[in-house]
Amino acid sequence: MMKNVKNNYVWTAIILLSCAFAMYTIYITDFKDGVRLGVTGVIAIVLVITTLCQLATWGFDRQIQKDEMGKKIATMSAKRSYHILTIGLFVLWILDRIIFVRKNDFGNISLFAALCLALVIFPIVQFFSARRYR
Amino acid sequence: MDNQIKELRKSKKLSQEALANACNVSRQTINAIENNKYDPSLELAFQLAGNLNVSVDELFLYKNRGNL
């Protein structure tokens with residue numbers, strides 16, 4: 001059982017890494033030829049990175065992901081990701097103002113709205129979560 | 001929190017895998033608990049104690065750092 005899981009893990013890792021290598025080679029060649037990377041290209045890169053990270057963390061043994069330690073790891077990672085994302089949005093909003101020399105107060109409205117939403121969503125969710133224990 | 005899981009498991013000739021299966025968790029979780037890298041939930045602590053035929057307070061030793 002364990003050996004099968006390990007074999008599957010190794011084979012999938014090899015296939016995924018080969019796909020990633022092939023994809024990046026194509027992108028680099030395109031870039032050198034002056035072809036710009038499109039939205040689908042970026043999404044493909046993100047998907048490959050996400051899959052590789054998931055595979056490196058959990059492998060194929062779903063039990064690790066589902067048991068209490070796995071859930072704790074996921075919860076902790078989600079909290080850290082939220083903080084990193086909020087800081088990232090703030091940095092992007094500032095950079096956007098500097099690079100594109102925005103004249104208005106809000107800078108990039110969509111980025112500003114996303115930043116406000118990121119800041120306000122945590123206390124709201126926390127408020128409703130805390131009510132369950134009162 | 002220190003624990004006696006490794007010693008008790010070995011005395012009962014159980015593998016990490018077997019104990020993990022008995023407690024419905026992964027082998028990695030048992031390994032992390034044994035190495036004091038993860039403190040189990042109360043439910044898992046009782047399951048571990050039950051499977052090793054000891055009480056929870058025999059299995060886990062809480063290091064009280066105290067405030068005094």
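This is a predicted model: local features need pLDDT of at least 70, side-chain atom pairs count only at pLDDT 80 or more; totals for chains, interfaces and linings use all residues.
A helix here is a DSSP run of H or I with at least four residues, and helices are numbered from the N terminus.

If we leave aside neighbours within four places in sequence, Gln65(A) is in contact with Trp58(A), Gly70(A) and Lys71(A). Now look for Val39(A). Gln65(A) and Val39(A) are 26 residues apart along the chain, and their C-alpha atoms are separated by 31 Å.

Still in chain A, please find Thr86(A). This residue is in helix α4 of chain A, residues 68–100. Is Thr86(A) buried or exposed? Its relative accessible area is 11%, so Thr86(A) is buried, the limit being under 20%. What does its side chain reach? The answer is the backbone oxygen of Tyr82(A), at 2.7 Å. Not counting residues up to four places away in sequence, Thr86(A) also touches Leu115(A), Ala118(A) and Leu119(A).

Next, the place where the two chains meet. Seven residues of chain A are in contact with eleven residues of chain B. Between the chains, about 830 Å² of area is buried, and carbon and sulfur atoms give 53% of it. On the chain B side, the residues that lose the most area to chain A are Ser26(B), Gln28(B) and Tyr38(B), which together make up 50% of what that side buries. Helix α3 of chain B, residues 27–34, gives the most to this side, with three residues. Sorted by class, the side of chain B that touches chain A has five nonpolar residues, five polar ones and one charged one. How many salt bridges are counted between chain B and chain A? The count is zero. For polar contact, the count between the two chains is five residue pairs, with both residues at pLDDT 80 or more.

There is a salt bridge elsewhere, though. Over all chains, the structure holds one. In general, side chains of opposite charge can pair when their charged atoms come close. The pair in this model is Glu34(B) and Arg9(B), with 2.5 Å from N to O. These two residues link distant parts of the chain: Arg9(B) is in helix α1 of chain B, residues 5–11, Glu34(B) is in helix α3 of chain B, and they are 25 residues apart. Both ends are on the inside by our cut-off: Glu34(B) counts as buried because its relative accessibility is 9%, and Arg9(B) is buried because its relative accessible area is 7%.

Glu34(B) also leads us to Asn3(B). Leaving aside neighbours within four places in sequence, Asn3(B) is in contact with Ile33(B), Glu34(B), Asn36(B), Leu59(B) and Phe60(B). Asn3(B) lies in strand β1 of chain B, residues 2–3, and is buried, with a relative accessible area of 11%. Its side chain reaches the backbone oxygen of Ile33(B) at 2.8 Å. A polar contact of 3.3 Å also joins the side chain of Asn3(B) to that of Asn36(B).

Several of those names come back in the largest nonpolar core. The core has 18 residues, and those that touch the most other members are Ile5(B), Leu19(B), Ile33(B), Leu48(B), Leu59(B) and Phe60(B). Which elements give two or more residues to this core? They are α2 (16–23), α3 and α4 (42–51) of chain B. Of these, α4(B) gives the most, with four residues. As for Leu59(B), the residues it touches, beyond those up to four places away in sequence, include Ile5(B), Leu8(B), Ala45(B), Leu48(B) and Val54(B).

Last, two backbone angles. Most residues other than glycine have a negative phi. Lys13(B) has a positive one, near 55°, and Asn53(B) has a phi near 55° as well. Where are they? Lys13(B) is in the loop between α1 and α2 of chain B, and Asn53(B) is in the loop between α4 and α5 (56–59) of chain B. Lys13(B) is exposed, with a relative accessible area of 76%, and Asn53(B) counts as exposed at 61% relative accessibility.

That is the end of my part.

Methods:
Residues are numbered from 1 along each chain as its sequence is written. Chains are lettered from A and ligands numbered from 1 in the order in which they are written. Side-chain values use heavy atoms; hydrogens and water are left out. Contact means heavy atoms within 4.5 Å. Buried area is the accessible area (1.4 Å probe) that two parts lose on being put together, summed over both. A salt bridge is a side-chain nitrogen of Lys or Arg within 4 Å of a carboxyl oxygen of Asp or Glu. A polar contact is a pair of N or O atoms within 3.5 Å; within protein, one must be able to donate a hydrogen and the other to accept it, and residues adjacent in sequence count only if both atoms are side-chain atoms. Ala, Val, Leu, Ile, Met, Phe, Trp, Tyr, Cys and Pro count as nonpolar, Asp, Glu, Lys and Arg as charged, and the others, Gly among them, as polar. A nonpolar core is a set of buried Ala, Val, Leu, Ile, Met, Phe, Trp, Tyr and Cys residues joined through side-chain atoms within 4.5 Å. Buried means under 20% relative accessible area, exposed over 50%, partly exposed in between (1.4 Å probe, protein chains only).
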